Structure formats: structure tokens, C-alpha cells
Amino acid sequence: MYAPVLEIDTHKITENARRLKTMCDARGIEIAFVTKGFCARPAVIRAAKAGGLTHFADSRMQNIIAAKQADPELHYLLIRIPDSQFRYMLFQLFPLFFIR
């Protein structure tokens, strides 16, 4: 039985990141490279960084932790709907942002 294989050309990632960053910078747009589709593999992140990207995002904490262990200087965003405990903590810290 065969399993699907995801092959990623890191040279293309670097070139695409460079082009996208150039276009976005010209328009004042900041971008984040979403690492969810490939489990935040360090080689792909390095390729995106080589293309000039500085911010990364993922919805899985284990991916963010693994990526930060590989490169502690990474800037990461957590992209997901917060669970109820997290919402409660935010409410305690920033009550003015919540409508009762």
C-alpha cells in the first residue's frame, strides 16, 4: 500500500517568498507564512526566511513549539479560534473588548 508524499522544492519557496515580499512591501502589506500544511518543517521555514519572510503562523501549538525549538528567533502567530479557557483569560485581562 502506498501513502501520499508531499515534496517541497525549497528553492521555489525561497523565490516565491522573495517575490511575494517585494510585492507586499511595495503596498505596505505585512505577511505571515502559514506553516500548517507541512507541519512547520525547519527546511521549509529556512527557505521562507531566506526569501525575506520574518513572520510565521500555525494553528497547532506543537508545530509552533517545534519550530521555535529549531529557531528561537522566529516570530510566530497562533491562528485558531480560542478555546473557552483562553477566552475567559482574555476577558479577565481585557474586559472592555467584550460585550456582555
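Predicted model: local features only at pLDDT ≥ 70, side-chain atom pairs only at ≥ 80, totals over all residues.
**View 1. Phe33 meets its bridge partner, Phe56 in strand E2.** Residues are numbered from 1 along each chain as its sequence is written, and side-chain values use heavy atoms, leaving out hydrogens and water. E1 and E2 (residues 55-58) run parallel, joined over 2 bridges; two strands pair if DSSP finds at least two bridges between them. Strands (E, at least two residues) and helices (H or I, at least four) are DSSP runs, numbered from the N terminus.

**View 2. The open sheet has the order E1-E2-E3.** Its pairing is parallel, with E1 (33-34) and E3 (75-78) at the edges, each pairing on one side only. Helix H2 (residues 42-50) packs on the sheet and touches E1, E2 and E3; contact means heavy atoms within 4.5 Å.

**View 3. Phe33 and Phe56 make an edge-to-face pair.** Rings of Phe, Tyr and Trp (its six-membered ring) pair if their centres lie within 6.5 Å; planes under 30 degrees apart are stacked, over 60 edge-to-face, the rest tilted. Here the centres are 5.9 Å apart and the planes sit at 75°, so edge-to-face it is. Both residues are buried (under 20% relative accessible area; exposed is over 50%, partly exposed in between, with a 1.4 Å probe and protein chains only).

**View 4. Phe56 also pairs with Tyr76.** With centres 6.1 Å apart and planes at 35°, this pair is tilted. It links strands E2 and E3, 20 residues apart in the chain.

Note on methods. Axes fitted to C-alpha atoms, helices over the stretch in contact; angles between N-to-C directions.
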